Amino acid sequence: MKVEILGPGCPRCENLLENAQKAVEELGLDAEVVKVTEMGKIMAYGVMSPPAVVVDGKVKGTGRLFSVEEIKRFLKE
Amino acid sequence: MFRVFTILADMITYRLLGLEPGSHLTESVHFFVEDSAKIFFLLVTIIFFVALVRSFFPPERTRKFLENKNLFVAHVLAALLGVVTPFCTCSACPLFIGFVEAGIPLGVTFSFLISSPMVNEVALVLLFGLFGWYIAAIYLITGLLVAIFAGMVIGWLNMEPYVADYVWEIRMGQAEIPDMTWQERLEYAKSYVKDILSKIWPYVLGGIAIGALVHGYVPQDFLLRYAGPDNPFAVPVAVILGVPLYSNAAGVIPIVQALMAKGLPLGTTLAFMMAVTALSFPEMVILSQVLKRELIITFVAIVSISIIIVGYVFNFLV
């Protein structure tokens with residue numbers, strides 16, 4: 001499983017990355033959490049309002065700081 | 001409607017603190033209590049509802065509204081959508097690229113980029129709470145006009161070559177942005193209120209405190225002498241002073257309200273507030289990733305000139 005956090009590096013993006021790592025840890029998943037900061041890649045997902053959460057190439061949510069619980073839901077879907 | 005806050009301030013100032021009516025200190029304390037209670041009440045309720053409305057307008061959807069529209073209609077729509085679409089400085093670049101990619105004209109994109117930070121709900125709430133609906137409405141309407149006008153001018157100038165070259169090469173994907181349920185919208189609105197308030201509360205309180213001191217201690221008509229309508233430099237100076245104050249927009253408005261009560265004319269006040277919200281260094285730095293220097297300078301110049309015109313017009317009319 002691959003979790004990507006899209007965002008140019010604003011404080012909210014950093015917090016989202018932490019939440020995502022926590023969510024993966026709490027669910028005990030074997031998932032890789034990576035940060036995507038390059039604009040071309042963010043846009044390639046069609047996301048205009050970072051930060052965004054992408055799970056296995058699928059955009060799960062955009063535009064705000066999702067909580068650990070919400071990210072857990074994204075991971076279980 | 002706001003009498004409850006006056007009564008609350010009366011109770012705290014006269015009863016609880018036992019201050020004598022009429023003194024400078026009492027005036028200041030009363031002003032501080034009344035305004036901070038009122039402003040925080042308004043911020044929480046209005047930001048919550050604005051966020052609910054916003055949850056229906058993610059930028060990915062906004063972009064669709066603007067495609068293939070008559071140019072003038074597109075400018076007006078872009079300025080209006082700027083008010084309701086979530087915007088923070090860190091999303092300015094993806095927004096810009098996304099709009100340009102969809103074939104939305106550069107000028108229309110700028111109408112959106114100008115109105116989005118300038119006509120925002122925090123500024124409007126503070127204006128409504130401190131100045132009343134009349135000034136808030138004037139700010140909203142002139143703000144939209146500035147965004148429409150400045151965007152149109154940038155469009156006429158055909159500045160496309162001054163957009164960073166790589167922007168034209170980015171190929172944008174089509175994301176299916178998941179639709180939110182009502183529960184998610186409420187959750188979004190709640191977290192949005194928390195997010196905004198946790199960022200601005202010290203500025204708001206600080207601003208109201210300084211405003212309260214000005215109300216209590218600065219003599220009436222003090223500013224009329226220096227920055228009154230007779231001083232032709234007051235408007236441009238106000239605009240220049242407004243630029244570095246960006247992150248403190250929430251703190252600046254209460255101070256400005258106090259200054260206006262001491263004789264700062266309406267036009268100068270409007271120009272100053274618009275400069276605070278519309279022009280900021282951090283935004284310029286971020287936009288320099290997608291715009292060449294010539295276009296940034298043009299953008300700042302046109303917005304500044306529009307704001308200065310607003311200042312002079314209102315000083316002249318009122």
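This is a predicted model: local features need pLDDT of at least 70, side-chain atom pairs count only at pLDDT 80 or more; totals for chains, interfaces and linings use all residues.
## Aromatic pairs

Over all chains, the count of aromatic pairs comes to 10. One of them is formed by Phe5(B) and Phe41(B): the ring centres are 5.6 Å apart, the planes make an angle of 50 degrees, and the pair is classed as tilted. Phe5(B) belongs to helix α1 (residues 3-16) of chain B and Phe41(B) to helix α2 (residues 24-54) of chain B, so the contact ties together parts that are 36 residues apart in sequence.

Elsewhere in chain B, ring pairs join Phe96(B), Phe110(B) and Phe299(B) into a cluster.

## Helix packing in chain B

Helix α2 of chain B, which carries Phe41(B), also packs against helix α7 (residues 121-131) of chain B: their axes come within 9 Å and cross at roughly 140 degrees. The two helices are therefore oblique to each other, since an angle has to be over 145 degrees to count as roughly antiparallel. The crossing of α2(B) past α7(B) is right-handed.

For helix α4 (residues 71-84) and helix α6 (residues 106-118), both of chain B, the axes come within 7 Å and the crossing angle is roughly 25 degrees. This value makes α4(B) roughly parallel to α6(B), because the class takes in angles under 35 degrees. The crossing of α4(B) past α6(B) is likewise right-handed.

Leu186(B) is located in helix α10 (residues 182-217) of chain B and is partly exposed, with a relative accessible area of 40%. Its C-alpha atom is separated by 49 Å from that of Asn231(B), a residue 45 positions away along the chain.

## Cysteines

Zero disulfides are counted over all chains. Among the cysteines, Cys13(A) is buried at 3% relative accessibility, and Cys93(B) is buried at 2%.

## Backbone features in loops

In chain A, the peptide bond that joins Pro50(A) and Pro51(A) is cis, with omega at about 0 degrees. Pro51(A) is found in the loop between α2 (39-44) and β3 (52-55) of chain A. The loop between β3 and β4 (58-62) of chain A holds Asp56(A), a residue with a positive phi of about 45 degrees although it is not a glycine.

A positive phi is also present in chain B, at Asn158(B), where the value is near 50 degrees in a residue other than glycine. Asn158(B) is placed in the loop between α8 (133-156) and α9 (165-169) of chain B. At 53% relative accessibility, Asn158(B) counts as exposed, because the class requires a value over 50%.

Definitions and conventions. Residues are numbered from 1 along each chain as its sequence is written. Chains are lettered from A and ligands numbered from 1 in the order in which they are written. Side-chain values use heavy atoms; hydrogens and water are left out. Rings of Phe, Tyr and Trp (its six-membered ring) pair if their centres lie within 6.5 Å; planes under 30 degrees apart count as stacked, over 60 as edge-to-face and the rest as tilted. Helices (H or I, at least four residues) and strands (E, at least two) are DSSP runs, numbered from the N terminus. A disulfide is a pair of cysteine sulfur atoms within 2.5 Å. Buried means under 20% relative accessible area, exposed over 50%, partly exposed in between (1.4 Å probe, protein chains only). Axes are lines fitted to C-alpha atoms, for helices over the stretch in contact, and angles run from 0 to 180 degrees between N-to-C directions. Angles under 35 degrees count as roughly parallel, over 145 as roughly antiparallel, 65 to 115 as roughly perpendicular and the rest as oblique. A crossing is left-handed if the near helix is turned anticlockwise from the far one by less than a right angle, and right-handed if clockwise.
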